[in-house]
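Here is a model to read together. Take the questions in turn and keep the view open.

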Amino acid sequence: MQCEMTETARAAYVDGESSGPDAAAFELHLATCPVCAAQVALLLRMKREMRAARGRYAAPAALRSTIRRQIAADTGKPARWLWPVLATACLVVLAAVLTVGFEPRQGVWNEVADLHASALASTNPYDVVSSDRHTVKPWFQGKIPFSFNIPELGGTGYALLGGRMVYLKQEPAAQLIVGMGQHRISVLIVRAGVGADPAMFGGGHTGFHTESWREGELRFYVVGDAEEDAIRRLAELIRKANS
Amino acid sequence: MEREQFEQLTMPLFDQLYNFAHWLSQNRADAEDLVQETYAKALKGWKSFEEGTNLRAWMYRILRNTFLTSKSGLKALATMQLDEEEVGATGVLTHGSTPELLLLQQESHDAMLEALAGLPVIYREVVLLCEAEEMSYREIAQVVAIPVGTVMSRLARGRRMLREALTARVSSGATEARHDAV
Ligand SMILES: [Zn+2]
């Protein structure tokens with residue numbers, strides 16, 4: 001299998017640096033190129049792992065106060081009356097800088113995959129532990145600004161394990177965790193229109209099997225490492241319960 | 001007045017700057033000095049900071065320049081082979097790398113971060129700015145004062161080195177395990 005795509009082109013896509021048309025063209029190519037699919041999955045995986053570098057080293061509190069003292073120490077200029085005006089103006093500028101800088105550059109699928117991965121990694125991922133849908137569903141009431149139905153999973157090969165309240169694109173979302181044998185599958189439910197709706201290219205690049213659809217006001221994501229067919233069947237059950 | 005404004009604007013960056021300083025210097029004492037010096041320099045240069053330009057990139061830039069001109073920074077640069085080519089990121093890949101992906105899946109966060117700590121400093125910094133700080137290529141270019149194209153090739157090379165380090169680690173681990181079995 002040959003692929004002419006450059007390493008930097010793949011990286012630009014994964015880093016959110018491809019422009020709209022470039023990204024769309026790349027996604028089309030990605031859908032048919034196993035080389036790129038594998039490379040992109042690898043890049044995303046490394047990206048996820050390396051995010052842990054962010055909060056790796058905690059600054060000593062003493063250092064913070066030392067620096068504060070140092071800033072205050074040099075003789076200050078007067079003109080205090082001007083300061084609140086200028087400070088406000090600067091904070092607005094700073095807020096703009098920070099918002100742009102910290103804007104998550106990954107698509108909604110990467111967040112979905114991260115939420116699923118963090119549930120897998122956690123020893124106790126549930127806010128509500130129950131296999132009973134009549135317990136799990138009401139638990140979400142008042143915690144998320146919408147409601148949804150959980151299908152009866154008895155006899156389907158799937159088992160409801162529990163749920164938790166999460167944020168997807170800064171919006172409250174429900175995450176249900178469903179077991180199937182050794183596999184764990186996440187179902188994420190959020191108000192439709194939160195983040196960009198996943199485009200033609202689904203979440204295949206996340207390294208998981210995925211399904212997503214919209215039903216009225218809600219958008220559903222199903223994600224897991226179970227067989228593609230198992231994801232689809234679970235998606236079907238949930239879709240039926242909510243249509 | 002300036003001082004208060006400076007503090008209001010720059011202290012929110014303190015935790016991240018420290019984290020970055022620690023990643024660069026690889027030890028706590030140096031990281032503390034580095035952050036302290038960065039703030040001192042930034043305060044001194046505050047008048048030259050142009051409002052509306054990227055404050056975060058400005059602070060990171062002072063920090064990384066301070067590090068690279070410090071004793072430990074110069075040492076880190078000197079131990080690096082200086083013939084590292086900055087092209088070569090256009091290499092065409094002819095094999096699917098699924099086995100590599102599987103290998104990496106067995107690796108933990110810690111292994112990844114360890115490999116990151118082992119990268120030569122000029123690759124470590126761009127990878128960190130991209131992955132940990134989530135800066136855009138343009139912002140990284142401002143911090144490191146290199147063209148965006150060079151950001152991209154350093155990033156590609158840094159990532160390649162990380163993968164090589166992890167793959168080497170996994171395969172040597174596998175060899176040991178086989179020896180144990182015998
Ligand atoms: Zn390709």
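Q: Which residue stands opposite Val222(A) in strand 6 of chain A?
A: This is a predicted model. To read a pairing, pick a residue in one strand and look across to its partner. Here, Val187(A) stands opposite Val222(A).

Q: In which sense do strand 4 and strand 6 of chain A pair, and over how many bridges?
A: Look at the direction of each strand, then count the bridges. Strand 4 of chain A covers residues 183-191. With strand 6 of chain A it pairs in the antiparallel sense, over seven bridges.

Q: How does strand 5 of chain A pair with strand 6 of chain A?
A: Strand 5 spans residues 209-215. The two strands are antiparallel, with seven bridges. As one example, Tyr221(A) in strand 6 is the bridge partner of Ser212(A).

Q: Is strand 6 of chain A mostly covered or mostly open?
A: Test its residues for burial, then sort them by face. Strand 6, residues 218-224, is mostly covered: seven of its seven residues are buried. On one side sit Leu218(A), Phe220(A), Val222(A) and Gly224(A), all buried.

Q: How many helices and strands does chain B have?
A: List the elements in sequence order. Chain B has ten helices and zero strands. Its pattern along the sequence is α-α-α-α-α-α-α-α-α-α.

Q: What share of the residues in chain B is buried?
A: Of its 182 residues, 51% are buried. Its accessible surface is about 8300 Å², and carbon and sulfur atoms hold 54% of that. Now take its contacts with a separation of 6 or more: 72% join residues 24 or more positions apart.

Q: Which residues have the most contacts inside the largest nonpolar core?
A: Nonpolar side chains tend to be buried together in soluble globular proteins. Here the largest nonpolar core has 64 residues, and Val35(B), Tyr39(B) and Leu116(B) have the most contacts inside it. Helix 4 of chain B, residues 55-68, gives this core its largest share, nine residues. Another core, of 27 residues, lies apart from it and includes Phe140(A), Ile150(A), Leu176(A) and Phe220(A).

Q: What is Tyr39(B) in contact with, leaving aside its neighbours within four places in sequence?
A: Look in both chains. In chain A, its contacts are Ile67(A) and Ile71(A). In chain B, they include Phe6(B), Phe14(B), Leu17(B) and Met59(B).

Key: Residues are numbered from 1 along each chain as its sequence is written. Chains are lettered from A and ligands numbered from 1 in the order in which they are written. This is a predicted model: local features need pLDDT of at least 70, side-chain atom pairs count only at pLDDT 80 or more; totals for chains, interfaces and linings use all residues. Side-chain values use heavy atoms; hydrogens and water are left out. Buried means under 20% relative accessible area, exposed over 50%, partly exposed in between (1.4 Å probe, protein chains only). Helices (H or I, at least four residues) and strands (E, at least two) are DSSP runs, numbered from the N terminus. Two strands pair if DSSP finds at least two bridges between them. Contact means heavy atoms within 4.5 Å. Accessible areas come from the Shrake-Rupley method with a 1.4 Å probe; for residues, only the protein chains shown count as cover. A nonpolar core is a set of buried Ala, Val, Leu, Ile, Met, Phe, Trp, Tyr and Cys residues joined through side-chain atoms within 4.5 Å.
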